Amino acid sequence: MKVLSVASELYPLIKTGGLADVAGALPLAMGQHGVEMRSLLPGYPAVMKKIGKTKKVASIPSLFGVKAAVLFAVHEGLELYVLDAPAFFQRDGGPYTDALGRDHVDNWKRFAALSLAAAEIAAGLIPSWKPDLVHAHDWQAGLVPVYMRFGRAPETPSVMTVHNIAFQGQFSPVIFPELALPPEAFSMDCVEYYGDVGFLKGGLQVASAITTVSPTYAREIFQPEFGMGLEGLVQARAGHVSGIVNGIDTAVWNPATDPLVAAPFSAKQLARRGASRQAVMRHFGLDGDGPIFCIISRLTWQKGMDLLAEVAGDIVAQGGMLAVLGSGDRALEGALVQAASHHKGRIGVHIGYDEPLSHTMQAGSDAILIPSRFEPCGLTQLYALRYGCIPVVARTGGLADTVIDANAAAIAAGVATGFQFSTITADGLRQALARVFEVWRDPETWRQMQKNGMKSDVSWDKSAAAYAGLYTRLLSKGQ
Ligand code: ADP
């Protein structure tokens with residue numbers, strides 16, 4: 001079975017968040033389930049620089065008035081189609097923003113172009129490789145099912161995966177005439193969304209199946225607090241919605257072989273984590289012998305970083321240390337930097353994005369704090385489990401599905417892997433921290449929890465099988 005995956009970022013070529021990790025790991029995992037998955041992504045400068053040798057497999061003389069080509073490349077086992085459209089993608093800054101962090105004003109056109117190119121591939125643009133099914137990720141690929149339905153490949157099934165329903169790609173209706181869609185696509189049954197154009201909305205409306213990245217989040221998006229305006233659509237399509245939890249690339253994230261870890265270790269050699277602990281303390285200027293709590297995150301309201309800023313002092317008061325790696329909301333960055341200056345030697349903050357440092361922190365911290373208000377899946381708790389860093393998480397979305405709370409019964413049964421809290425407030429987080437410190441004072445239980453986490457299955461095996469099952473069902477049904 002041939003499946004085209006379409007995403008706006010893909011690790012290890014370009015990454016701003018969890019979407020890239022999933023887009024990079026899923027194709028490799030699907031290979032073991034009889035699925036030949038190739039990925040289409042934009043030819044950003046970072047991608048063009050890293051991919052090396054390419055072969056031009058198609059030319060598109062005018063993609064929204066821009067000259068484009070599709071290049072084929074193989075990179076670290078991934079089979080890639082790169083949309084080389086310099087006028088759209090050869091720019092300074094990140095995938096979505098300019099060098100000053102402002103959204104590109106033509107993002108709608110850049111990602112409509114990505115989606116249209118995907119639909120053209122579905123329709124046979126590359127004669128030697130015509131996919132049986134197309135799997136689109138997030139709003140940037142939201143128009144893929146729409147372009148397929150309206151002419152390009154109406155019989156080919158599509159899957160629309162929501163990695164975060166908060167990001168919807170909603171634009172003014174003035175762009176609609178430029179989208180090269182027939183007028184009937186601007187309707188409630190397709191891209192029209194409260195008078196605007198909704199990229200994700202259109203994809204969810206017409207895709208053969210909708211998935212999201214954990215079973216709990218799949219249930220949560222039926223409710224207004226989580227559905228962000230799309231709950232009605234999700235309810236109407238309930239029979240087509242399912243949740244498949246993300247796995248992680250266990251080759252990249254393996255504490256026993258990770259070249260970024262000061263002293264690689266297994267569950268039987270937890271003492272070796274000490275070398276990474278020293279590295280974290282050095283990097284963040286920490287000094288103490290209590291537990292190190294880390295944060296590796298976008299610093300936003302979604303991630304509960306305002307709650308963290310409120311409790312940072314309490315962590316120090318109880319003898320803990322805090323190491324924060326992230327960037328995002330300027331006010332939250334400022335609040336955390338200020339906390340660090342009040343608590344020198346106990347709180348360290350690194351504003352920025354640093355993939356190698358994130359590995360060191362997972363290997364050398366004692367616990368990771370993830371107080372998200374909503375979390376479709378979350379990947380950092382999965383890396384933490386594998387690295388013996390105990391996750392302390394809000395009970396929501398994929399966090400609820402992947403961490404086993406250290407209640408008395410789970411501890412007695414020897415299965416606890418972390419701490420969950422369900423009142424997602426500063427006080428809820430404080431209460432969870434009180435439980436964490438209590439277990440910290442019982443090193444045997446703490447070590448047992450680390451080992452339980454390191455043994456838990458965070459690989460793609462089960463989830464890749466679930467995607468393969470979904471693809472097979474869609475193909476046997478037809479559109
Ligand atoms: P989201 O995609 O919502 O940001 P996830 O937990 O699903 O959250 O994925 C975040 C990914 O980005 C993880 O791989 C995490 O390690 C990584 N990450 C987040 N912030 C940073 C940072 N500042 N430096 C390095 N890696 C980061």
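Visitor: Which elements do the buried residues of helix α10 pack against?

Guide: They pack against β13 (292–299), β14 (321–328), β15 (347–351), α13 (355–364) and α18 (443–455). Packing here rests on contact, which means heavy atoms within 4.5 Å. Before we go on: this is a predicted model, where local features need pLDDT of at least 70, side-chain atom pairs count only at pLDDT 80 or more, and totals for chains, interfaces and linings use all residues. Residues are numbered from 1 along each chain as its sequence is written, and side-chain values use heavy atoms, with hydrogens and water left out.

Visitor: How do you know what span to expect for α10?

Guide: The expected span is 1.5 Å times one less than the number of residues. Helix α10 covers residues 273–284, which is 12 residues. The expected value is 16 Å, and the helix reaches 17 Å from its first C-alpha to its last, which is close.

Visitor: Which residues of α10 are buried?

Guide: R273, S276, R277, A279, V280, M281 and F284. An α-helix has 3.6 residues a turn, so residues three or four places apart point the same way. After α10 comes G285, with a positive phi near 65 degrees.

Visitor: Why is M281 called buried?

Guide: Its relative accessible area is 9%. Buried means under 20%, exposed over 50%, and partly exposed in between, with a 1.4 Å probe and protein chains only. Therefore M281 counts as buried. Leaving out residues up to four places away in sequence, M281 touches L286, D287, G288, I292 and M321. From M281 to M361 it is 80 residues in sequence, but 9.6 Å in space, C-alpha to C-alpha.

Visitor: Why is F64 put in the buried class?

Guide: F64 has 17% relative accessibility, so it counts as buried. It lies in the loop between β3 (55–63) and β4 (66–75). Beyond its neighbours within four places in sequence, F64 is in contact with F88, K109, A112, A113, L116, Y147, E178, L179 and A180.

Visitor: What makes E76 and Y194 exposed?

Guide: E76 has 60% relative accessibility, so it counts as exposed. Y194 has 67% and therefore counts as exposed. E76 is in the loop between β4 and β5 (78–84). Its phi is positive, about 45 degrees, although it is not a glycine. Y194 is in the loop between β9 (192–193) and β10 (196–198). Y194 is a residue other than glycine, and its phi is positive, near 50 degrees.

Visitor: Now the helix pairs. Why are α11 and α12 called roughly parallel?

Guide: Helix α11 (residues 305–317) and helix α12 (residues 330–342) pack at about 20 degrees, with axes 10 Å apart. Axes are lines fitted to C-alpha atoms, for helices over the stretch in contact, and angles run from 0 to 180 degrees between N-to-C directions. Under 35 degrees is roughly parallel, over 145 roughly antiparallel, 65 to 115 roughly perpendicular, and the rest oblique. Therefore α11 and α12 are roughly parallel. M305, D306, L308, A309 and A312 of α11 meet L332, A335, L336 and A339 of α12. That contact has eight nonpolar residues, no polar and one charged. Here Ala, Val, Leu, Ile, Met, Phe, Trp, Tyr, Cys and Pro count as nonpolar, Asp, Glu, Lys and Arg as charged, and the others, Gly among them, as polar.

Visitor: How do you know how α1 lies to α19?

Guide: Helix α1 (residues 18–30) and helix α19 (residues 461–477) pack at about 75 degrees, with axes 9 Å apart. That makes α1 roughly perpendicular to α19. L26, A29 and M30 of α1 make the contact with A464, Y467, A468 and Y471 of α19. The classes are seven nonpolar, no polar and no charged residues.

Visitor: What is the handedness of the crossing of α11 and α17?

Guide: Right-handed. A crossing is right-handed if the near helix is turned clockwise from the far one by less than a right angle, and left-handed if anticlockwise. The axes of α11 and helix α17 (residues 426–440) come within 9 Å and cross at roughly 40 degrees. By contrast, α11 passes α12 in a left-handed crossing.

Notes. Helices (H or I, at least four residues) and strands (E, at least two) are DSSP runs, numbered from the N terminus.
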